Amino acid sequence: MLAFATSTKMRQTSIVLTGLIVFLLPVLLGISGVLLPAAGYFPALGFTQFSLHPALSFVMAPGVGAAIWLALKTGLIASVLSLLCCFIILTGLMHDRIFSLVRRTLAALVAVPHSAIAIGLVFLLAPSGWLMRILSPVITGFNSPPDWSLVPDPYGWALIFGLMAKEIPFLLLVSLAAISTLPVRQFEQIANSLGYGRVATWTMLILPLIYLQIRLPVFAVLVFSLSVVDMALLLAPTLPPPLAILVLHGFLDADLAARLPASFGAILQIALAGIGIGIWYVGEALCRHFIHDWRRGGWRGGSIDRYLPVFSIMAVIPLAAACAGLVAAFLWSVTGSWFFPSPLPQTFHLIHWQDVASYMPLLKTSLLLAGGASFAALFVVLAWSYAAPDSTLNNRWLLGCIFMPFFIPQISFLLGMQISLSRVGLDGTWLALIWVHMIFILPYTWLIVIPARRALDRRLDHLAATLGASGWKRFITLHVPLMAYPLGTAIFIGIAVSMALYLPTVFVGAGRINTITVEAVSLASGGSRGPAGLAAMLQIAIPVVSFAIIHWGLQCRFGRFSGMQSGRLQ
Amino acid sequence: MICQRRHFLIQICAYLLLGLVFAYPVQSAQSAHFDSLKPAAKGQTVYFNAWGGDAKINGYISWAGDILKQRYDITLVHVKLTDTASAVSRLLAEKTARRDTDGTIDLLWVNGENFAAMKRADLLQKQPWVTHLPNWQLTDPVALPAILSDFAEPTDGKESPWGRAQLVFAYDSEKLPTPPRSAAALAQFIENNPGRFTFPQPPDFIGVSFLKQVLIELTNSHPSLYGPVDEADFDRVTAPLWDWLDAAKPNLWRRGMAYPQNYPVLRQLLGDGEIDIAMAFNPADASAAIARGELPDSVRTYIHDGGTLANVHFLAIPFNAAAAEAAQIVANFMLSPEAQIKKADSRIWGDPTVLSIPRLNAADQVGFLALPRGIATLSDAELGRSLAEPHPSWVPRLEQAWKQRYASGQ
């Protein structure tokens, strides 16, 4: 008995330790890689003494205060509005026919990398953009585009809108996964029978339960929005840009000494994420208080339901704009020439699409990387969930490591990580890249698989065991079919997350391993809309095709278990 | 037209004669040294880090890759950068990690301040290698001194010239009959046409080049621009530039509150009709964009009457290149008449050659002269007036001063 206890204990410790080493170590190495330069120590450049100089020169640089304020403002507003829109859509449209339409675009929108959405939005909303071309010159009277500060605008609203277009679908997707574990219909029936309106029912009863389950992804959205790079490059104001862009410029400055103050900026970015999360906590407390008061007050709230359709439509606007932007991207990929104010391309051609073969190696790399990292993450999570008791899985340290990428801005540790990897000769290797992608995918896999594993009906398991099925056999014949949908969702989300990773691929891939996403951002920086539009289409292709295959495969193979399953792929 | 053709024929004959006299450089011990590289280079993979934002350039590099594979069994992998400084940054990371061999970059497309930064941080090959390249004999450092000094920084034989560039402006001749051909005329144009001019935001390469162009013009090529920046003098020398910018700012595109991030985006703004004048460092850029349908075919190019900035871009091999031998063979191939003719073709890329035409053999001279010029590309004679690049130390200093004045958005 004692021996058994120690071995369990040892197993628990070893799992927590592996978690620490696999997930925490690279991030810590990465952060230490910017901590030392931030403190003035960078021997390769001849800085061998600690000093406050990098910190001071970063803070004293023109526009830094405004850059920090801009990042905080856009990040917080974008996160709040995204969550709000997500909740409004769920409340207002969940049972509506429009929702099946929204739901169908979700997979595509989650899968589309940020840069592709940004490219599309710029083209849609700029003063010379598609909207203005449709309205000109008949309605607006413009023969050449007006000099309006629309995209990017000086206040960051374009960036906020772009972030919303990308984050609302993501939050909807995770919310739907959460909803599948809740008896929503019953809640509604009970609340209705007590006279509560729809808004009241959802706000007081259902949304808080959903929020509890999606809280970590919400933090991921918050930290990402506070430190976004690829989208900000296209949509944010540039004088000054948000903090993360200032840091990136520092890292990319030809004057190598600029890396020292930039490293301090990277540390500041972590602090900013901390401040953002702190403000969020306060907001959460206020909401809790408000809902609590409402519950106790007993107001049925029937009268606000009539505004719901208006708000629902407003909440869908960012999604519609993103879709229209993608349509524009497709149009550009087949456009010969298209000048203002023509509402549609003047000539079409397929030159760019004839080039598809040259993108094949990139597509193959992206697919291998996304698939490899997603399956690796799934393997790790499953292995842990079977090897470790629940207490280990709830271990704070382990959870802290796994969810680390949600809380630390990418820009803050990737350069340091690159230095560490290069020291052991691992940069630019498949091993390192799959590992890093896995670090970013694993939190999502965890959030999907662990609840599904816990929700397995233990009685079925016991029944199978009494019939003599071994552990392995029970896993294959019982657990996999029952968890088929969550497992499929985990793979799909993994692929989508991997496809969207830009900075990690650039820094860790060391240029040796390139994905279609890196190519797309590079083409977008080149300003040729045709190839950029094509690259955006190819970027979407992988996740959308994987979605279709996973969905169809699950339906064929495991469809007959549907009555016993939970967490269906949406 | 006939006159032009006759002129062309005479030119060909003249070059042919000159070619007969000069074309055959003596086979030297240098090329023997070069030949000894070939066995080691065979089978090597060269990771060529080069800006990847232009589909035409990418196509050219992959063409070169095919030939290198066939002839030398060298695999050329184009690592597409969005910013060359990121490669310099990676080399620095490798140096920090003491990775002195087997680095991730074998060949880098570079010039100006990135080269100066690499030189300062010792990120280049220890030994000079460029003058050993057989095709180096086809260049003429006397006629084109810029191949020996990159933005006034001596190349020390550590980067091989690849192509030439000159700042040219593009405008839509249907909307703007007479473009402003000097910094002073441009100031007037901006005042009369609010919101119709802008430039890429420094520290973008073209953006800073534009600042240098205006500075050189307004100060009549002040001699101190061609030496390291003298802090004591900086404010006085640059004062005319800041006056010019302060006056222009309220009438720039977006009232000077936002700038395009690079020149392709600037070109796109011209195509979209948001601005009237764009600029690029490649004289054939506008023609190529017209051919792709990105600019209207009424777009033409011009340079300022006093000349515009011109420079050379290079290929460098880092200190820790894993395939240094093969990288030299690649650099030599890129310098060959075959590769340079292809590159100068505006249908392929349109980048002017660094070779000296008189030093080529007759067939190659004809190859260059027979290249079609794009509809909007200026002739060599029109491009003739060029301004030398200031010392590279001016780039970071101008960037910093611009940032100090305009970056806070006020």
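Colleague: Which elements cover the buried residues of helix 11 of chain A?

Modeller: In this predicted model, the cover includes helix 3 (64–93), helix 10 (230–235), helix 12 (259–297) and helix 19 of chain A, together with helix 5 (84–96) of chain B. A residue counts as buried if 20 or more other C-beta atoms lie within 10 Å of its own. Nine of the ten residues of helix 11 of chain A are buried, so this helix is largely enclosed by the rest of the structure.

Colleague: Which residues of helix 11 of chain A are the buried ones?

Modeller: They are A:Leu243, A:Ala244, A:Ile245, A:Leu246, A:Val247, A:Leu248, A:Gly250, A:Phe251 and A:Leu252.

Colleague: Chain B came up in that cover. How many residues does the contact take from chain A and from chain B?

Modeller: The contact takes 47 residues from chain A and 54 from chain B. On the chain A side, the elements giving two or more residues are helix 11 (243–252), strand 1 (335–337), helix 19 and helix 25. Helix 25 of chain A has the largest share of that side, with five residues. By class, the side of chain A that touches chain B holds 22 nonpolar, 18 polar and seven charged residues.

Colleague: How should I read the packing of helix 19 of chain A and helix 5 of chain B?

Modeller: The general idea is simple: two packed helices are described by the angle between their axes and the distance between the axes. Here, helix 19 of chain A and helix 5 of chain B pack at an angle of about 50°, with their axes 8 Å apart. The two helices are therefore oblique to each other, and their crossing is right-handed. On the chain A side, A:Gln418, A:Ile419 and A:Ser422 meet B:Ala93, B:Glu94 and B:Thr96 of chain B.

Colleague: Now the domains. Where do the domains of chain A run?

Modeller: The domain assignment gives chain A a domain 1 (9–34 + 351–570) and a domain 2 (52–349). Their C-alpha centres lie 24 Å apart. The contact takes 44 residues from domain 1 of chain A and 43 from domain 2 of chain A. Helix 26 of chain A gives the most to the domain 1 side, with twelve residues. That side of domain 1 of chain A has 31 nonpolar, eleven polar and two charged residues.

Colleague: And how is chain B divided?

Modeller: Chain B has domain 1 (2–164 + 312–374) and domain 2 (168–310 + 388–406), with C-alpha centres 28 Å apart. In chain B, 14 residues of domain 1 are in contact with 14 residues of domain 2. Helix 6 (residues 112–120) of chain B supplies the largest share of the domain 1 side, three residues. By class, that side of domain 1 of chain B has four nonpolar, five polar and five charged residues.

Colleague: What does the count say for A:Ala191?

Modeller: A:Ala191 has 19 other C-beta atoms within 10 Å and is partly exposed. A:Ala191 belongs to helix 8 (residues 184–193) of chain A. Not counting residues up to four places away in sequence, A:Ala191 touches A:Tyr196, A:Thr201 and A:Leu205. A:Leu205 is 14 residues from A:Ala191 along the chain, and their C-alpha atoms are separated by 8.6 Å.

Technical notes: Residues are numbered from 1 along each chain as its sequence is written. Chains are lettered from A and ligands numbered from 1 in the order in which they are written. This is a predicted model: local features need pLDDT of at least 70, side-chain atom pairs count only at pLDDT 80 or more; totals for chains, interfaces and linings use all residues. Domain bounds come from an automatic or database domain assignment. Two residues are in contact if their C-beta atoms, placed from the backbone, lie within 7 Å. Helices (H or I, at least four residues) and strands (E, at least two) are DSSP runs, numbered from the N terminus. Ala, Val, Leu, Ile, Met, Phe, Trp, Tyr, Cys and Pro count as nonpolar, Asp, Glu, Lys and Arg as charged, and the others, Gly among them, as polar. A residue is buried if 20 or more other C-beta atoms lie within 10 Å of its own, exposed if 12 or fewer, and partly exposed in between; C-beta atoms are placed from the backbone. Axes are lines fitted to C-alpha atoms, for helices over the stretch in contact, and angles run from 0 to 180 degrees between N-to-C directions. Angles under 35 degrees count as roughly parallel, over 145 as roughly antiparallel, 65 to 115 as roughly perpendicular and the rest as oblique. A crossing is left-handed if the near helix is turned anticlockwise from the far one by less than a right angle, and right-handed if clockwise.
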